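Visitor: I am new to this structure and would like a close look at a single part of it. Could you walk me through the pairing of its strands, and then show me what sits in the loops around them?

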Amino acid sequence: MIKSGTVLPKKQVVQVPFQGPAVTSQVRWAHTDIQVPDWTSYRRDAVKDPEVRSSDSEDSRKNFTYLLAGGLGASSAYAAKSVVTHFVSSMSASADVLALAKIEIKLSDIPEGKSVTFKWRGKPLFIRHRTEQEIAAEQAVAVASLRDPQHDNDRVQNPKFLVVLGVCTHLGCVPIANAGDFGGYYCPCHGSHYDASGRIRKGPAPLNLEVPEYTYPSEGLLVVG
């Protein structure tokens, strides 16, 4: 603080800073030229009237929304079904492969008492023309004594002909026809014995020889597959 009566040097000026309250100022401009968008054309007719409550038409508006969503969902599901169907059909077997899926066999070419091997779908197929003695012997077997119980009548459509796949049910070896302790088939790999009905009778095989699907479209003709 400068005391009164103090003599200051010449050409020396003392400035005392202003210590009053800070004052701020702000200028706002009115933008009156902004165009407010009009959404009236996008609104539904039921909610355009300002004097009518929108809740009065809520149900009808929801029904339209549900109908539209349901229609789009059904169309999408149909389109997806078409795509999946086309994709799956492209993976199906060709005509030449399907032609090999079935095999026709003339039964007159198989002598009685003999078993003939055919190739079907990459697997050996056994067709056995059984004798009357073999038929009687296999039908007389007690089903309860079998490991995989099956009566002979359940494995053949025509008692004279046995149709089975030549694949051992143990480890997939090919059995030998007219061999084994029961006169049917014998697997040389591990010693499984099958009878003339293709049923497992002895050895490690757990199941009978598989019987494929087959039909007799006419007399003397067998179609497998």
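Guide: Happy to! Two strands pair if DSSP finds at least two bridges between them. The strands themselves (runs of E, at least two residues) and the helices (runs of H or I, at least four residues) are DSSP runs, numbered from the N terminus. What you see is a predicted model, in which local features need pLDDT of at least 70 and side-chain atom pairs count only at pLDDT 80 or more, while totals for chains, interfaces and linings use all residues. Residues are numbered from 1 along each chain as its sequence is written, and side-chain values use heavy atoms, leaving out hydrogens and water.

Let's start with a hairpin. Strand S9 (residues 214-218) and strand S10 (residues 221-224) run antiparallel and are joined by 3 bridges. Across this pairing, Tyr214 faces Val224 of S10. The hairpin has 2 residues between its strands, and Gly220 in the turn shows a positive phi of about 85°.

Now turn to the sheet. Strands of a sheet pair through backbone hydrogen bonds, either parallel or antiparallel. Here, 4 strands make an open sheet in the order S5-S6-S7-S8, and their pairing is antiparallel. At its edges are strand S5 (176-177) and S8, each of which pairs on one side only. S5 is joined by 2 bridges to strand S6 (residues 183-187), with Ala177 opposite Tyr185 of S6.

A search of the whole structure finds 1 disulfide, that is, a pair of cysteine sulfur atoms within 2.5 Å. Its partners are Cys173 and Cys189, with their sulfur atoms 2.1 Å apart. Cys173 is in the loop between strand S4 (161-165) and S5, and Cys189 is in the loop between S6 and S7, so the pair links distant parts of the chain, 16 residues apart. The link of Cys173 and Cys189 is left-handed, with -105° about the S-S bond.

How open are these two to the outside? Buried means under 20% relative accessible area, exposed over 50%, and partly exposed in between (1.4 Å probe, protein chains only). Cys173 counts as buried because its relative accessibility is 18%, whereas Cys189, with a relative accessible area of 39%, is partly exposed. Cys168 is in no disulfide; the nearest cysteine sulfur, that of Cys187, is 3.8 Å away. Cys168 has a relative accessible area of 4%, so this residue is buried. Cys187 is in no disulfide either, with the sulfur of Cys168 as its nearest at 3.8 Å, and at 2% relative accessible area Cys187 is buried too.

Our last stop is Arg199, found in the loop between strand S7 (192-195) and strand S8 (200-202). Arg199 counts as buried because its relative accessibility is 0%. A polar atom of the Arg199 side chain lies 2.9 Å from the backbone oxygen of Gln150. This is a polar contact, a pair of N or O atoms within 3.5 Å; within protein, one must be able to donate a hydrogen and the other to accept it, and residues adjacent in sequence count only if both atoms are side-chain atoms. Not counting residues up to four places away in sequence, Arg199 touches a list of residues including Glu138, Asp152, Arg155, His193 and Asn208.

Key:
Contact = heavy atoms within 4.5 Å.
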